[in-house]
Amino acid sequence: MLNFDFLGWADRVAISASSVCVIHCLALPVILSVFPAISGVFIGEEAFHIWLIWTVVPLSVLSLLVGCRRHKNSMVIYCGVAGVSILIMSAFLGHEILGEISERVSTVTGAFILAFAHMRNFSLCRQSNCET
């Protein structure tokens, strides 16, 4: 059985990954204009979003499902599914299809929704003593 320490850790890592995604989307254009050589580094590539998705999705599914099973608040799952769906759509459609601004807006929106779901999950687990 997963205990609260693991769930809290998974929620924190997923929130951090969502934050990295937001920072990457908002700060990278400015950083690339100042330091164009960064575009050749992994963090400057579009594949960085795909790697974040591979980190965020499994952690989100695990921590949100297990947490919701214990605290029974389905709104957390709905927000988590919405956030993950938006992030996946943004990462795979990219700025070629969505356009650069739409991709940024959708990625930031998805990341905020997902981070909210994890913060709510963490809070509800603490309130309902999910370690039992």
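Among contacts in the chain between residues at least 6 apart in sequence, 79% join residues at least 24 apart, where contact means heavy atoms within 4.5 Å. The model is predicted, so local features need pLDDT of at least 70 and side-chain atom pairs count only at pLDDT 80 or more, while totals for chains, interfaces and linings use all residues. Residues are numbered from 1 along each chain as its sequence is written, and side-chain values use heavy atoms, with hydrogens and water left out.

The chain has four helices and zero strands, giving the pattern α-α-α-α when read along the sequence. Helices (H or I, at least four residues) and strands (E, at least two) are DSSP runs, numbered from the N terminus. Of the 132 residues in the chain, 40% are buried; buried means under 20% relative accessible area, exposed over 50%, and partly exposed in between, with a 1.4 Å probe and protein chains only.

Two packed helices are described by the angle between their axes and the distance between the axes. Axes are lines fitted to C-alpha atoms, for helices over the stretch in contact, and angles run from 0 to 180 degrees between N-to-C directions. For helix α2 (residues 47-71) and helix α4 (residues 100-127), the axes come within 10 Å and cross at roughly 30 degrees. The two helices, α2 and α4, are therefore roughly parallel to each other; angles under 35 degrees count as roughly parallel, over 145 as roughly antiparallel, 65 to 115 as roughly perpendicular and the rest as oblique.

His49, in helix α2, is buried at 6% relative accessibility. Its contacts, not counting residues up to four places away in sequence, are Cys21, His24, Cys25, Ala91 and Glu103. Ala91 is 42 residues from His49 in sequence, yet 5.8 Å away in space, C-alpha to C-alpha. His71 also belongs to helix α2 and is buried, with a relative accessible area of 13%. The side chain of His71 makes a polar contact with the side chain of Asn121 (2.7 Å). A polar contact is a pair of N or O atoms within 3.5 Å; within protein, one must be able to donate a hydrogen and the other to accept it, and residues adjacent in sequence count only if both atoms are side-chain atoms.

Next comes Lys72, in the loop between α2 and α3. Lys72 is exposed, at 65% relative accessibility, and its phi is near 65 degrees, a positive value in a residue other than glycine.

The axes of α3 and α4 come within 8 Å and cross at roughly 160 degrees, and these helices are therefore roughly antiparallel to each other. The crossing of α3 and α4 is left-handed. Gly83, in helix α3 (residues 74-98), is buried at 0% relative accessibility. Leaving aside neighbours within four places in sequence, Gly83 is in contact with Gly110, Ile113 and Leu114.

Note on methods:
Left-handed = near helix turned anticlockwise from the far one by under 90°.
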